[in-house]
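Here are my notes on this one, point by point. Have the structure open while you read.

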Amino acid sequence: AADMVFDIPHFTAPAAPAADVLAPLARALHEARRPVVLWGGGIGFAGVQGPVADWLARTGLPFVSSWA
């Protein structure tokens with residue numbers, strides 16, 4: 001189901017975050033002793049399952065999913 005994209009009329013996916021937003025996040029993840037990524041339903045709503053899965057595979061970060 002990783003290729004599912006939800007068509008929700010009232011939802012508009014946000015623009016990609018700027019580098020100045022991502023840099024502190026990357027630093028915090030790098031410095032964390034036991035990082036974990038929570039993959040929520042917004043990933044599916046935004047249709048970015050593939051890029052997020054690729055990022056997780058590249059970084060090796062552990063993750064859990066929550067679909068509410």
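1. The protein chain has 3 helices and 2 strands, and along the sequence they follow the pattern α-β-α-α-β.

2. A word on where this comes from. This is a predicted model, where local features need pLDDT of at least 70 and side-chain atom pairs count only at pLDDT 80 or more, while totals for chains, interfaces and linings use all residues. Residues are numbered from 1 along each chain as its sequence is written, and side-chain values use heavy atoms, with hydrogens and water left out.

3. Now the inside. Buried residues (under 20% relative accessible area, with exposed over 50% and partly exposed in between; 1.4 Å probe, protein chains only) make up 15% of the 68 residues in the protein chain. Val52 touches Trp39 and Ile43, if you skip residues up to four places away in sequence; contact here means heavy atoms within 4.5 Å.

4. How many aromatic pairs does the structure hold? There is 1. Rings of Phe, Tyr and Trp (its six-membered ring) pair if their centres lie within 6.5 Å; planes under 30 degrees apart are stacked, over 60 edge-to-face, and the rest tilted. Trp39 and Phe63 have ring centres 5.8 Å apart and planes at 35 degrees, so the pair is tilted. Trp39 sits in strand 1 and Phe63 in strand 2 (residues 63–66), so the pair ties together parts 24 residues apart in sequence. Trp39 is buried at 11% relative accessibility, whereas Phe63 is partly exposed at 44%.

5. Next, have a look at Val64, in strand 2. With a relative accessible area of 43%, Val64 is partly exposed. Leaving aside neighbours within four places in sequence, Val64 is in contact with Val36, Val37, Leu38 and Trp39. The C-alpha atoms of Val64 and Val37 are separated by 6.4 Å, although these residues are 27 apart along the chain.

Definitions and conventions:
Helices (H or I, at least four residues) and strands (E, at least two) are DSSP runs, numbered from the N terminus.
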